[in-house]
Amino acid sequence: MQYDPYADFQKLQDDIEKQKLKKKALEDKLKSTKYKHENQLDYQKNYKLRKERTHRLVQKGALLEKYIEEHLKDEFEDTLTPQESELLLDVFSDILKKNKPYVIKQWNIKKDAQPKNG
């Protein structure tokens with residue numbers, strides 16, 4: 001059997017290609033793992049803020065139902081849709097703009113009348 005330098009060279013080239021592919025796969029996995037880790041950190045940082053915002057939105061929605069929809073229940077068959085609520089709040093916004101001094105004065109009176117906590 002004869003020594004074939006070309007076969008050895010070809011085998012080395014194939015090994016180099018395999019190593020390049022393996023390196024590329026490991027780099028991609030590392031990049032993916034770093035990305036997931038960074039996103040996990042972002043999620044953990046923002047979790048509390050999102051939770052507080054969700055709680056605040058639920059509270060405001062409940063107040064809208066309590067104070068606004070309750071007074072308009074004779075006008076509507078069911079609870080307002082989000083679009084109807086937005087339209088109603090837009091109407092209230094117009095009223096507020098036109099009567100801002102009165103609204104602020106009444107708000108301050110009610111705020112001052114509340115018992116102080118602490």
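A residue is taken as buried when its relative accessible area is under 20%. By this criterion, 4% of the 118 residues of the protein chain are buried in the predicted model. The accessible surface of the chain amounts to about 11800 Å², and carbon and sulfur atoms account for 58% of that area.

The overall dimensions were examined next. Along the principal axes, the C-alpha atoms occupy a box of roughly 105 × 40 × 25 Å.

The secondary structure of the protein chain consists of 3 helices and 0 strands, giving the pattern α-α-α along the sequence. Helix H3 covers residues 100-113. At 1.5 Å a residue, its 14 residues should span 20 Å, and the C-alpha atoms at its ends are 20 Å apart, in agreement with that expectation. The number of buried residues among the 14 of H3 is 0, so this helix lies largely in the open.

Helix H2 comprises residues 82-98 and contains valine 91. The relative accessibility of valine 91 is 41%, so this residue is classed as partly exposed, a class that lies between the 20% limit for buried residues and the 50% limit for exposed ones. Together with Leu89, Phe92 and Ile95, Val91 makes a nonpolar surface patch of about 310 Å². In an α-helix there are 3.6 residues a turn, so residues three or four places apart point the same way.

Notes
Residues numbered from 1 in each chain as written. Predicted model: local features only at pLDDT ≥ 70, side-chain atom pairs only at ≥ 80, totals over all residues. Heavy atoms only, no water. Helix = DSSP H or I, 4+ residues; strand = E, 2+ residues; numbered from the N terminus. Expected span 1.5 Å × (residues − 1). Buried < 20%, exposed > 50% of the residue type's maximum accessible area, 1.4 Å probe, protein only. Patch = residues over 30% accessible without salt bridge, like charges linked within 9 Å, V, L, I, M, F, W, Y side chains within 5 Å. Areas by Shrake-Rupley, 256 points an atom, 1.4 Å probe, with all protein chains shown as cover. Salt bridge = Lys/Arg side-chain N within 4 Å of Asp/Glu carboxyl O.
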